[in-house]
Amino acid sequence: MATINPKLDDAARAGWLYYVAGNTQDQIAAKLGVSRQSAQRLVSLAVAEGLVKVRIDHPIAQCLSLAKDLTERFGLSYCEVVPSDPGSASNTLGVAQAVAAEIERWLGRNEPIVLAMGTGRTLKAAVEQLPSIDGPQHKVVSLTGNIGPDGSAAYYNVVFTMADTVKSRSFPMPLPVIASSKAERDMLHAQAMIRPTLELAARADVTFVGIGELGPTAPLVLDGFVSEAELLALRKAGAVGEIVGWAFDQDGAFIDGMTNDRVASAPIPDRSRSLVIAAAMGKAKLPAISAAIRGRLVNGLITDEATAEALLQLP
């Protein structure tokens, strides 16, 4: 049985009274029978503990204009641009919240859908923003394996995290992210328990993916999925980015052979029938984002103002 924390209960109540019901701190103090200072501390605790998730429900003209320009220039089916915080070094701020809101909209539908999820820091941050969602009619499937190179659970695989808050059928991919050989990958994909998950991923109505850059701080290297030598070889072959492990060049074409022969992830769903939304921002990811949208590896994008402006300035 979970341990009840009365302090967090009080903080959640104070947070609800302040952010939802619109009470002042004096009113909260009176309703909870505490001092104004205690009420203020409880509201702050609610925010610090992640009990409060704030969304600003107001379109910003500049963001709407940038989204329209990106949509027209790159032929996107969906685009959302969120405000940038010039003082923040975060590569997920704002974008993660927008992704969470879009996932919530899809899972709020009455008709059954298949929602596919990639992996990465932005998607993990987004999933952590999700409220409790009751959607037993939906199916959530992972595009990528959940086993790290040392046999441990892959930290940024998000389907298991989603299962904590989203009440729908979940289909993880019980595979390594990158197999040790092409033969092993092909053998794993042929397994009876894996084929239905791959087939389900191919039928996704909407897919959310992150875009990884292949610079010195490439997530594939930091997370131990490829070696530095393999990364250098990929870059020498022209790779500028990756989506669920699939490395691609500046034109959005997948690199022949190399680590792509060993990627155990499902193929990216067919963009002609599925909405594939990439969530990515930041200067380091510009070449990869540009290649992914130019090459139609994705047909949707959630990014921030600064990244959107930079994309539109590229030749």
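Predicted model: local features only at pLDDT ≥ 70, side-chain atom pairs only at ≥ 80, totals over all residues.
Trainee: Which residues form the nonpolar patch on the surface, and which helix gives the most to it?

Mentor: The patch is made up of Trp16, Tyr18, Tyr19, Val20, Val47, Val54 and Ile56, which together have about 730 Å² of accessible area. Helix H1 (residues 6–20) gives the most, with 4 residues, while Val47 is found in helix H3 (residues 36–48).

Trainee: Why is Val47 called partly exposed?

Mentor: Its relative accessible area is 40%, and the class between buried, under 20%, and exposed, over 50%, is partly exposed, so Val47 is partly exposed. Tyr18, at 33%, and Tyr19, at 40%, are also partly exposed.

Trainee: What makes the pair of Tyr18 and Tyr19 edge-to-face?

Mentor: The count comes to 2 aromatic pairs. In the pair of Tyr18 and Tyr19 the ring centres are 5.0 Å apart, and the planes stand at 85°; centres within 6.5 Å make a pair and planes over 60 degrees apart count as edge-to-face, so this pair is edge-to-face.

Trainee: Why is the pair of Trp246 and Phe254 called tilted?

Mentor: The ring centres of Trp246 and Phe254 lie 6.0 Å apart, with the planes at 55°; because stacked needs under 30 degrees and edge-to-face over 60, the pair is tilted.

Trainee: How do you know whether Trp246 is buried or exposed?

Mentor: Trp246 has 15% relative accessibility, and the cut-off for buried is under 20%, so Trp246 counts as buried, whereas Phe254, at 37%, counts as partly exposed.

Definitions and conventions. Residues numbered from 1 in each chain as written. Heavy atoms only, no water. Patch = residues over 30% accessible without salt bridge, like charges linked within 9 Å, V, L, I, M, F, W, Y side chains within 5 Å. Areas by Shrake-Rupley, 256 points an atom, 1.4 Å probe, with all protein chains shown as cover. Salt bridge = Lys/Arg side-chain N within 4 Å of Asp/Glu carboxyl O. Helix = DSSP H or I, 4+ residues; strand = E, 2+ residues; numbered from the N terminus. Buried < 20%, exposed > 50% of the residue type's maximum accessible area, 1.4 Å probe, protein only.
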